[in-house]
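Please open the structure in a viewer and keep the selection panel at hand. The stops below are given in the order in which they may be visited.

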Amino acid sequence: METPANIETAPEVEPVQQRKVTFWTSLHRNKIAMLAFWFLIVLHVIVFIGPLVWSYTPTEMTTTGPLANWSWAHPFGTDDLGRDVFARMLHGGRITLLVGLAAMLFSLLIGTIIGACAGFFGKVVESILMRVTEAMMAIPNFFFVLVALTVLGTSPMMVIIVIACSGWMEVARVVYGETLKWKEYEFVEAANAAGAKPLRILIKYIIPQVLPSIIVSGTLMIAWAILTESAISYLGLGIQPPTPTWGNMLQNAQQYLWTAPVLGILPGAAITLIVLAYNFLGDGLRDALDPKFVKK
Amino acid sequence: MLRFILNRLGQSVVLMLIVTMITFFLINLAPGGPTGAMRMEASPEERQAIIERLGLDQPVIVRYGQWLGDALQGDLGTSFNSSEPVIKRIFDRLPYTIELTVFTVIFSVTIGIIIGVISAIKRGRAQDHFINFSSVIGLSVPSFWLGLMFILLFSVELKWLPASGVGPRGEAFDLVTYLKHIIMPVIILSMTILPNIVRFTRSSMLEVISQNYIRTIRAKGAKEFIVLYIHALRNALIPVITVIGVLIPRLLSGAVITETIFGWTGIGSLIIEAANSRDYPLVMGITVVITLVVVLSNLVVDLVYSKVDPRVKNLA
């Protein structure tokens, strides 16, 4: 009598193909998410192509002199050392975005491996990995980043690694939950019965199902990584001048608020807009992928 | 109940050990190590003498044991820069941080719950959309930049509020000046936790409103005000207790940034000073104190929660 009961209660499997279609239509319906998406595309193009076109470099001291107002030659004026602020915004944005992107990818990698292994293999692996994850979550991660960067140095590579190592836990939990769910489905059982090795089942059958959740986490993770990097650089413990990032450009801006407020306004406004766009896009993606939403 | 408390207490102790171990090893195994940063001009002999005096030639695990033994007796070592005990430097600055965070929690919980309830009651209407939109903005604005913009507006342009400092203390204390100094730091620090409290209160309230007992009360003809604020809100606030526990680490991270912007002399700005001058014992000490605060506040939140909602005990 066990088999018929199983068939009745077995959850409906939504094939990946069908989910894709509903996903795109519902994402297109979300105007804020689409706006955020196109804004991000445009901004990335400007930041990555811009420095190739713009004639000033971010570290060269121009002949205009320090703290100049805007002009055609310097659309955002010059900073306290007479450097072109527009060039610094472009280069700084490039580094801020690259650090955010790389930290996100790296922490998705760690989180996915840990979460998927814990969920798939269960038993001892599960309890060790998930206890480590919980312990890491209880550590105030901003202080972890702060201490680690103080000790290990502040090269961009180190900043990426440290931020990634402090932020993978949320991804691990999401992937863990999803893996637990998907490994109960018949297609996994079928693959198992057909003699596929555990690693193959995990990579070929389970990870693709978990991918949507990973993408949502990744989008929100970039926002978080950019905010963390900026905060750390603002405090003077992140990427060091003369290399510009939007965060460390604000470091000196406080002294010049009385004379050149634009130095303080621009980098922060850029960070806010980009983080906002990633958050809206992430929320939009999550709504679009939510099964409750898809059914409608 | 006793078993639950012991269980949670045990977890907290293990967590403290893990955090102190990670921090200690990180600081001691780093290239250059703790001696590298001390007195660059020291000759190799002098450096050797320092190493022997501080016992740095011992294996790191032995040193961790010694450090732990001292720490349990309240000795967190001596600050490299001021030669004062680390614990004294921390306790000199801690009251300022407590002051700032307590005011911030009171402010953001009060405002957050009010806004969250409004958002839930007006679900799907303009007010709700506006509040949701503002919450996302609140989560996206870097607090250090918002702080700068506040200074630009209220100190530079309008000249209403002082840009930094903790205001006169002791004999010269004056309430108006004090409030002028603390208002901007409290608002900026609130921005790190307020959006989460709003979102959480909203979803908790929505869940409670949809329950049967609320329908029963409405069917009995109770006024909407009484239904919402007497019957629904009381139950909706229970889960909000937990979110406050979760937000304590965020609050303390926010305090580091806020204190640095506004020249507020708490332990948040102290850890930045310590980090910039490579004062490792001080960095280590502050990290320990902050982790202790986080662990203890989580413990308190769990205990309060299990008292308010007895179902939790059985889960643990």
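The domain bounds used in this tour come from an automatic or database domain assignment. The model itself is predicted.

**Stop 1: the two domains of chain B**

Select residues 2-72 of chain B and colour them as domain 1, then select residues 86-315 as domain 2. Taken over C-alpha atoms, the centres of domain 1 and domain 2 of chain B are 32 Å apart. At the boundary, 14 residues of domain 1 of chain B are in contact with 13 residues of domain 2 of chain B. Which helix gives the largest share of the side of domain 1 of chain B that touches domain 2 of chain B? It is helix α1 of chain B, residues 2-29, which supplies eleven residues. By class, this side of domain 1 of chain B comprises ten nonpolar residues, three polar residues and one charged residue.

**Stop 2: the loop between α4 and α5 of chain B**

Next, select Ser83(B), which is located in the loop between α4 (60-72) and α5 (86-121) of chain B. Ser83(B) is not a glycine, yet its phi is positive, at about 60 degrees. Is Ser83(B) buried or exposed? Ser83(B) has 7 other C-beta atoms within 10 Å and is therefore exposed, as the cut-off for that class is 12 or fewer.

**Stop 3: chain A as a whole**

Chain A contains 13 helices and zero strands. Along the principal axes, the C-alpha atoms of chain A fill a box of roughly 85 × 45 × 30 Å. Of the 296 residues in chain A, 43% are buried. Among the contacts in chain A with a separation of 6 or more, 68% are between residues 24 or more positions apart.

**Stop 4: the crossing of α3 and α4 in chain A**

Select helix α3 (residues 31-53) and helix α4 (residues 85-121) of chain A, whose axes come within 8 Å and cross at roughly 120 degrees. The helices α3(A) and α4(A) are therefore oblique to each other, since an angle of 65 to 115 degrees would count as roughly perpendicular and one over 145 as roughly antiparallel. The crossing of α3(A) and α4(A) is left-handed. To view the contact, show the side chains of His44(A), Val47(A), Phe48(A), Gly50(A) and Pro51(A) in α3(A), which meet Leu90(A), His91(A), Gly93(A), Arg94(A) and Leu97(A) in α4(A). The residues of this contact between α3(A) and α4(A) divide into five nonpolar, four polar and one charged.

**Stop 5: two backbone features of chain A**

Move to Lys123(A), which lies in helix α5 of chain A. Lys123(A) has a positive phi of about 50 degrees, although it is not a glycine. Lys123(A) counts as exposed because it has 8 C-beta neighbours inside 10 Å.

Then select Pro241(A) and Pro242(A), which are joined by a cis peptide bond with omega near 10 degrees. Pro242(A) is found in the loop between α10 and α11 of chain A.

**Stop 6: where chain A meets chain B**

In the contact between them, 34 residues of chain A meet 34 residues of chain B. On the chain A side, the elements that give two or more residues are α5 (123-138), α6 (141-152), α10 (198-234), α11 (246-253) and α12 (262-289). What is the make-up by class of the side of chain A that touches chain B? This side of chain A has 26 nonpolar residues, eight polar residues and no charged residues.

How values were computed: Residues are numbered from 1 along each chain as its sequence is written. Chains are lettered from A and ligands numbered from 1 in the order in which they are written. This is a predicted model: local features need pLDDT of at least 70, side-chain atom pairs count only at pLDDT 80 or more; totals for chains, interfaces and linings use all residues. Two residues are in contact if their C-beta atoms, placed from the backbone, lie within 7 Å. Helices (H or I, at least four residues) and strands (E, at least two) are DSSP runs, numbered from the N terminus. Ala, Val, Leu, Ile, Met, Phe, Trp, Tyr, Cys and Pro count as nonpolar, Asp, Glu, Lys and Arg as charged, and the others, Gly among them, as polar. A residue is buried if 20 or more other C-beta atoms lie within 10 Å of its own, exposed if 12 or fewer, and partly exposed in between; C-beta atoms are placed from the backbone. Axes are lines fitted to C-alpha atoms, for helices over the stretch in contact, and angles run from 0 to 180 degrees between N-to-C directions. Angles under 35 degrees count as roughly parallel, over 145 as roughly antiparallel, 65 to 115 as roughly perpendicular and the rest as oblique. A crossing is left-handed if the near helix is turned anticlockwise from the far one by less than a right angle, and right-handed if clockwise.
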